[in-house]
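Let's take a friendly walk through this model, strand by strand and then into its cores.

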Amino acid sequence: MRIFDPHIHMTSRTTDDYQAMHAAGVRAVVEPAFWLGQPRTSPASFLDYFDSLLGWEPFRAAQYGIAHHCTLALNPKEANDPRCLPVLDELPRYLVKDQVVAVGEIGYDSMTPAEDTALAAQLQLAADHQLPALVHTPHRDKLAGLRRTLDVVRESALPTDRVLVDHLNETTVKEAKDSGCWLGFSVYPDTKMDEERMVAILRTYGPEQVLVNSAADWGRSDPLKTRKVGDLMLAEGFGEDDVDRVLWRNPVAFYGLSGRLDLDIAATEATHEGNSILRGGA
Amino acid sequence: MTHLPAHQATPAADTQGTTLARTPPHDLHAHLADRLGEAARGWLDQALDEAAAHPGAHGPISVWELRLAEAGRRCGPEHADAARILILHAARADTDALTRVYAQGTAAERRAVLHALPHLVPGPQALPLVEDALRTNDTRLLAAAVGPYAARHLDAHHWRHAVLKCLFTGVPVTEVADLERRAHADRELARMLGDYAAERTAAGRPVPEDLHRVLTLTDPTATPPAPAADHGPNGAEGPHGKES
């Protein structure tokens, strides 16, 4: 099983995780820029973080045969702190980098005017840089947050088929699907989605434009949730092609919209192991 | 024509700094032009023209710096280092420009700046970039940092630590430019290597083969380095070396 985790915060994970992920079949990840748990107080702190996502973290991933790309943005939560807002002025020089495959995570946290402004500005940045956008949907007041998110997306210069709305669940999947956006689901040990509900949603809504991620970070989370969803899909009667579509080809197609995906590490790994990891996908 | 190794995605294979840093830009261009597809070759030619026409600073992201950033997806990752070196050369990037590009660059862009230093900076002004790279643990940056520019300008203390760091992190010492000349009769380096070997041995861990190779080069009675020291990897019988 070849796996592309389209949303995981490897900065917060150990090399043991990288090893276990590789053993489970993970050959590519996208790490969205997000909140680090401790609020930042200056743009410089963001820039060091972005540099790490473009330098050290891909190097670490490569040690374990995993291709690493990132999405960069001012996240919704910290968009509310005026001390952090100058990051928006620095983003253009970062969004041209080779390993940046989307603008993200953007979206809503508390649905404030400051978040409105940051979301709209960054959707425009995505359009300006020919990048798709990864849009986080809020933890609190989720359905209202999704609707407001979709309204802002529709008003933006970015077509909905270049937008991935993430952290969806049973209450938001239908409206998200009807919008034409790509559909992201984060599978967690306690919150967000779990494997069983994920498989049920796939049965109801089909695998088209669906991406499953672990969103593993510094909180209680599990970087192997992607594999567990794949295993349960097979156990519940989905075919290997469906699993490959959800766990590999869909993320390759979405982030491939950037024209910047380089899955060479995964390809080398495939050669080493004698299977065709890129078959039909890249 | 210098042979450039084919790109492989394994981190160790990315350490081709010595070759890139030693190849004259004209030869590098010819080498690259033979290997790029038509679209990439056209892109590179235009990028080099832009860089030559607009050298120096043109705001925070000038056109040639944009080209530098996108070289990987335009030329393919296996040719990105060479393309970036050529763009930096065409732009006649000075120490200020190189420092800016390095500071604002991805690891791949930083690597290209390090490779380009011997082509662009005659004096030691750009040493802070080398020292920055030597503080990292990214073996691709370390390998690029120990090229001809470091051989020429890095002081003895930093240079010895760079060699030791290569041994620690598994960067092949063949990446260290001018190793034979700088290691020759370096008693302090020999002491550091001996201590490192002793520490490894005390821990029951193997001593890197490269350590013996460098230790042999430090021998003041060894064949003088010019024109070429005749010490291969077989120099494992170093005075303090212990196989474990």
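## A central strand and its partners

A:Leu72 has its bridge partner in S4(A), namely A:Val103. Strands here are DSSP runs of E with at least two residues, helices are H or I runs of at least four, and both are numbered from the N terminus. S3(A) and strand S4 (residues 100-107) of chain A run parallel and are joined by three bridges; two strands count as paired if DSSP finds at least two bridges between them.

S3(A) also pairs with strand S2 (residues 26-32) of chain A, again in the parallel sense, over five bridges. There, A:His68 of S3(A) is the bridge partner of A:Val29.

## Two buried faces

Because six of the six residues of strand S3 (residues 67-72) of chain A are buried, the strand is largely enclosed by the rest of the structure. Buried means under 20% relative accessible area, exposed over 50% and partly exposed in between, with a 1.4 Å probe and protein chains only.

In a regular strand, side chains alternate between the two faces of the sheet. A:Ala67, A:His69 and A:Thr71 point one way, A:His68, A:Cys70 and A:Leu72 the other, and all are buried.

## Nonpolar cores

The largest nonpolar core has 70 residues, of which B:Trp64, B:Leu114, B:Leu117 and B:Val130 touch the most other members. Such a core is a set of buried Ala, Val, Leu, Ile, Met, Phe, Trp, Tyr and Cys residues joined through side-chain atoms within 4.5 Å. Helix H5 (residues 77-90) of chain B gives this core its largest share, seven residues.

Domain 1 (16-154) and domain 2 (178-244) of chain B both contribute, so this core lies between them; the domain bounds come from an automatic or database assignment. A second, separate core of 69 residues includes A:Ile66, A:Ala79, A:Leu125 and A:Leu146.

## About the model

This is a predicted model: local features need pLDDT of at least 70, side-chain atom pairs count only at pLDDT 80 or more, and totals for chains, interfaces and linings use all residues. Residues are numbered from 1 along each chain as its sequence is written, chains are lettered from A and ligands numbered from 1 in the order in which they are written, and side-chain values use heavy atoms, leaving out hydrogens and water.
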